[in-house]
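Here are a few exercises to work through with the coordinates open. Try each task before you read its solution.

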Amino acid sequence: MKVEAKLNPNKGDIIELFSKALSTEAIVTIFAHCKVFYDGRAKSELGPGDRVIIIKPDGSFLIHQREKREPVNWQPPGSSVSLDVREDKLVLRSVRRKPKEILEVELIDVYLFSYFQAEDYEALALVGSEAEMADLVFENPGLIEDGFKPLFKEKSIRHGIVDLLGKDKDGNIVILEFKRRRADLHAVSQLKRYVETMREEYEKVRGILVAPSLTSGARRLLEKEGLEFKKLNPPKQEKSRKGRQKTLFD
């Protein structure tokens, strides 16, 4: 069966469906009232709430709340996923080996459990995406400045995912936020939030907004917050990319 779903499943149903999904390398989608616990480079806990949980065959593990595009918690491809029974409670557990990160979801009440044996062998052709801009800088760091050394793409931090994280020639942490079109106030606020988060761990952190151009308001806010701007146009050549999230570079 390519798709199987059950409304208001009991514990036995969930265990059986999860086992089938793993054995067939299916995509799992769960609508549930749950708690979330993370232990890794930091520790966090998300209290009870209704969330959407997505588990992919490559180990990707995503937890979405009712708003915003980005998952509130996630694990990258290559993570190991299991379902444990602890004192009559069902706990989804995702473990990333390097660096060691553990994400656990206590399933309090499951409204829907489904799996989908998806077949998709096509590559997504993107032209001029923000991800391609990050790839371009990762391969040609001098486009930002002399001595810049990129370290991570799509780096997960407490308040989101940094497009590209690196260090300048003086060893300062540098956060790059890419926009394929004219960057606005929202882009500056996003960069500011990432910089403030990283300054909780590092003394010197620079933030650079990378885009073809800026609105006047964005430029004023950048100057006010001590952030920087680098003009860069998205690459025009077409490039085939697999339609999946990149793993973090270690």
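**Exercise 1.** Work out whether Ser79 is buried or exposed, then find where it sits and what it touches.

*Solution.* Start with accessibility: Ser79 comes out at 8% relative accessibility, so it counts as buried (under 20% relative accessible area is buried, over 50% exposed, in between partly exposed, with a 1.4 Å probe and protein chains only). Helices (H or I, at least four residues) and strands (E, at least two) are DSSP runs, numbered from the N terminus. Then list the neighbours: leaving out residues up to four places away in sequence, Ser79 touches Asp58, Gly59, Ser94, Val95 and Arg96 (contact means heavy atoms within 4.5 Å). Finally, the side chain of Ser79 reaches the backbone oxygen of Pro76 at 2.9 Å.

Before you go on: this is a predicted model, where local features need pLDDT of at least 70 and side-chain atom pairs count only at pLDDT 80 or more, while totals for chains, interfaces and linings use all residues. Residues are numbered from 1 along each chain as its sequence is written, and side-chain values use heavy atoms, with hydrogens and water left out.

**Exercise 2.** Which residues have a positive phi without being glycine, and how accessible are they?

*Solution.* Take Glu87: its phi is about 50 degrees, and it lies in the loop between strand 6 and strand 7. Glu87 is exposed, at a relative accessible area of 75%. Now Glu154: phi is near 50 degrees, but this residue is found in strand 10. At 22% relative accessibility, Glu154 is partly exposed.

**Exercise 3.** Find the peptide bond from Lys98 to Pro99 and assign it as cis or trans.

*Solution.* Read off omega: it is near -5 degrees, and the bond is cis. Pro99 lies in the loop between strand 7 (89-96) and strand 8 (101-116).

Note on methods: Polar contact = N/O pair within 3.5 Å; in protein donor to acceptor, adjacent residues only side chain to side chain.
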